[in-house]
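Here is a short briefing on one protein model. Have the sequence and the 3D view ready.

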Amino acid sequence: MQIRKTYMEVNPELLYAEIRDFALKQDIDLDESSLETYTQPDQSADFVSRGKLTFKCRTGGKTCLQAHIVGTPRAETKLMMDVDEDLFSRDKLSALQGDIDFIFGSYELKE
């Protein structure tokens with residue numbers, strides 16, 4: 001399953017950190033993480049951040065959740081989560097989404 005969200009004026013680095021912490025509450029382990037920042041063309045004061053988080057199940061060690069984040073604090077930040085529903089239960093996914101929506105729901109652009 002894939003979940004996509006777009007937020008307005010949310011710092012991508014904050015979203016990255018919160019998703020990492022919220023996911024770890026769901027009894028999974030962080031496998032890989034990366035966060036990169038780029039300058040926008042012709043605008044040396046504006047930055048775009050790109051983050052990727054990969055989580056594995058504690059039993060079996062298979063990837064159960066990946067989060068991709070791209071955005072800028074002054075405009076849109078996009079989140080895409082890939083979830084393996086066989087390894088990451090609906091209850092855990094619901095709890096993760098609830099935490100994310102509680103913090104960032106008011107910034108979400110509804111499509």
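S49 counts as buried because its relative accessibility is 4%; buried means under 20% relative accessible area, exposed over 50% and partly exposed in between, with a 1.4 Å probe and protein chains only. This is a predicted model, where local features need pLDDT of at least 70, side-chain atom pairs count only at pLDDT 80 or more, and totals for chains, interfaces and linings use all residues. Residues are numbered from 1 along each chain as its sequence is written, and side-chain values use heavy atoms, with hydrogens and water left out.

**Around S49**

- S49 sits in strand β3, residues 43-57. Strands (E, at least two residues) and helices (H or I, at least four) are DSSP runs, numbered from the N terminus.
- Beyond its neighbours within four places in sequence, S49 is in contact with residues including P12, E36 and I69. Contact means heavy atoms within 4.5 Å.

**Strand β5**

- Strand β5 covers residues 76-83. Its covered face holds T77, L79, M81 and V83. Its uncovered face holds E76, K78, M80 and D82.
- Strand β1 (residues 2-8) pairs with β5 in the antiparallel sense over seven bridges. Two strands pair if DSSP finds at least two bridges between them.
- I3 has M81 in β5 as its bridge partner.
- Strand β4 (residues 63-71) also pairs with β5 in the antiparallel sense, over seven bridges.
- L65 stands opposite V83 in β5.
- A hairpin of four residues joins β4 to β5.

**Helices α1 and α2**

- Residues in α1, among them L14 and F22, meet residues in α2, including L96 and I103.
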